[in-house]
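Okay, everyone, let me put today's model up on the screen. I'll talk you through it, helix by helix where I can.

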Amino acid sequence: MNWYADPNRPPPPPAPSDRRTESAPGDPGAAPEPPRPRPGLWKRCLWGGIALWLLTAIVTYATRNTTLLPTLILLGSFLVPAVFVLWAHERHGRDLGANLILGCFLTGGILGVLGASVMEYYLLHPSLWMFLGVGLIEEAVKLAALMLVLRRHPRVRGMRAGLVLGATVGFGFAAFESAGYAFDAAVTMKGIDLRALLETEVLRGVLAPFGHGLWTAIAGGVLLSFRQPNGRFRFAAPVIGAYLGVAVLHSLWDSMHGIAIWLVARATGTGLSRTLFAQGYMPAPTAEQQHLFTLFSVGGLVVITLVALAWLRSLARGARAAGPNHRPGARIHTP
């Protein structure tokens with residue numbers, strides 16, 4: 001019997017259509033857009049996180065409650081890296097998506113720390129060239145982690161995307177590494193050293209914006225600017241050069257303590273044996289030597305930071321000057 005021949009039976013429901021139609025913004029049937037964070041979220045997280053860290057430090061110091069140590073370590077280690085990632089996402093990477101940013105921060109950071117730990121354990125030995133090996137290994141594993149996270153996002157390429165995502169992986173690496181350093185500073189043979197823990201977190205928090213995040217942003221920006229439209233990574237000469245350059249900056253940063261000691265010994269005419277130099281200290285330093293050491297060590301870190309910032313700025317300016325149609329690799333595609 002024909003369906004429409006019976007007046008008492010309702011008409012059949014309309015057949016589902018495979019075509020998706022876009023609804024106007026005012027259409028009540030339109031799917032709700034995902035909420036976007038208000039501008040300035042990174043500022044609120046920064047000041048709120050500092051307040052929580054200070055409160056946790058005060059309560060831990062007053063009560064001597066060791067169960068609060070994980071909270072104190074995690075807050076102090078992740079606060080600055082996470083805030084800078086929020087700032088980069090808000091200012092330059094909203095179209096990349098929060099899921100990709102989070103994946104680069106957590107997955108890239110964890111894989112980077114694990115890979116660096118394994119390779120440094122088996123490949124490095126105490127020597128004058130050890131810090132160069134550290135720089136080469138850690139910058140390599142961070143780039144490898146970035147490529148691994150992006151393997152399912154072939155359309156993500158370009159200088160801006162590389163700068164943001166590279167910095168995100170670097171800050172994730174810095175956060176997990178700082179947590180390890182803070183734990184090592186807290187746990188001593190004599191018990192818990194809360195003062196050493198707080199000093200380590202403050203120092204690494206202040207230096208965090210000028211270390212791993214900055215170096216990996218440079219290398220990641222060059223890497224993704226040469227990524228092919230099909231998603232394959234092209235290891236052109238500029239990519240290799242950027243990797244080697246940031247590895248050298250990394251090694252100089254790590255070895256600045258020893259370099260400062262050597263410079264003090266040369267400037268003051270003090271004979272310094274190879275053994276003492278390798279151990280990283282100068283016996284019975286004078287007041288003049290102490291002042292020179294501070295000048296050389298801090299000044300060296302400032303010079304390295306200025307070089308890295310100038311390099312990063314030149315990459316960003318070059319990408320803006322080239323424009324989106326300069327060449328396919330310079331365009332920024334996001335899913």
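Glu177 counts as buried, because its relative accessibility is 15% and buried means under 20% relative accessible area, with exposed over 50% and partly exposed in between, using a 1.4 Å probe and protein chains only. Glu177 sits in helix α5. Its contacts, once you skip neighbours within four places in sequence, are Val113, Glu138, Arg204 and His212; contact here means heavy atoms within 4.5 Å.

Quick housekeeping. This is a predicted model, so to speak about local features we need pLDDT of at least 70, and side-chain atom pairs count only at pLDDT 80 or more, while totals for chains, interfaces and linings use all residues. Residues are numbered from 1 along each chain as its sequence is written, and side-chain values use heavy atoms, with hydrogens and water left out.

Now the overall picture. The protein chain has eleven helices and two strands; helices are DSSP runs of H or I with at least four residues, strands are runs of E with at least two, and both are numbered from the N terminus. In sequence order the pattern goes α-α-α-α-α-β-β-α-α-α-α-α-α. The chain has 335 residues, and 38% of them count as buried. Among contacts with a separation of 6 or more, 75% are between residues 24 or more positions apart. The accessible surface is about 20,000 Å², and carbon and sulfur atoms hold 65% of that; the areas are Shrake-Rupley with a 1.4 Å probe, and for residues only the protein chains shown count as cover.

On to the first helix pair. Helix α1, residues 41-63, packs on α2 at about 170°, with the axes 9 Å apart. Those axes are lines fitted to C-alpha atoms, for helices over the stretch in contact, and the angles run from 0 to 180 degrees between N-to-C directions. So α1 is roughly antiparallel to α2, a label for angles over 145 degrees, where under 35 is roughly parallel, 65 to 115 roughly perpendicular and the rest oblique. The α1 side of the contact includes Leu41, Trp42, Cys45 and Trp53, and the α2 side includes Leu72, Gly76, Leu86 and Trp87. By class, that contact has 15 nonpolar residues, five polar and one charged. For the classes, Ala, Val, Leu, Ile, Met, Phe, Trp, Tyr, Cys and Pro are nonpolar, Asp, Glu, Lys and Arg are charged, and the others, Gly among them, are polar.

Let's zoom in on Leu86, in helix α2, residues 69-92. Is Leu86 buried, exposed or partly exposed? Partly exposed, because its relative accessibility is 28%. Beyond its neighbours within four places, Leu86 is in contact with Leu41, Trp42 and Cys45. Leu86 and Leu46 are 40 residues apart in sequence, and their C-alpha atoms are 9.9 Å apart.

In the loop between α1 and α2 you'll find Arg64. Arg64 has a phi near 55°, positive although the residue isn't glycine. With a relative accessible area of 54%, Arg64 is exposed.

Back in helix α2, have a look at Ser77. Ser77 counts as buried, at 3% relative accessibility. Setting aside residues up to four places away in sequence, Ser77 touches Ala175, Ser178, Ala179, Ala182 and Glu201. That last one, Glu201, is in helix α6, residues 194-207, and at 5% relative accessibility Glu201 counts as buried too. Contacts of Glu201 outside its sequence neighbours within four places include Trp53, Leu72, Ile73 and Gly76.

Next, helix α3, residues 98-123. Those 26 residues reach 36 Å from first C-alpha to last, close to the expected 38 Å, where the expected span is 1.5 Å times one less than the number of residues. Its buried residues include Leu100, Phe105, Gly108, Gly109 and Gly112, and the cover over the buried residues of α3 includes α2, α4 and α5.

Last pair: α7, residues 212-225, and α8, residues 237-254, have axes that come within 8 Å and cross at roughly 170°. That makes α7 and α8 roughly antiparallel to each other. The contact includes His212, Trp215 and Ile218 from α7, and Pro238, Val246 and Trp253 from α8. Its make-up is eleven nonpolar, two polar and no charged residues.
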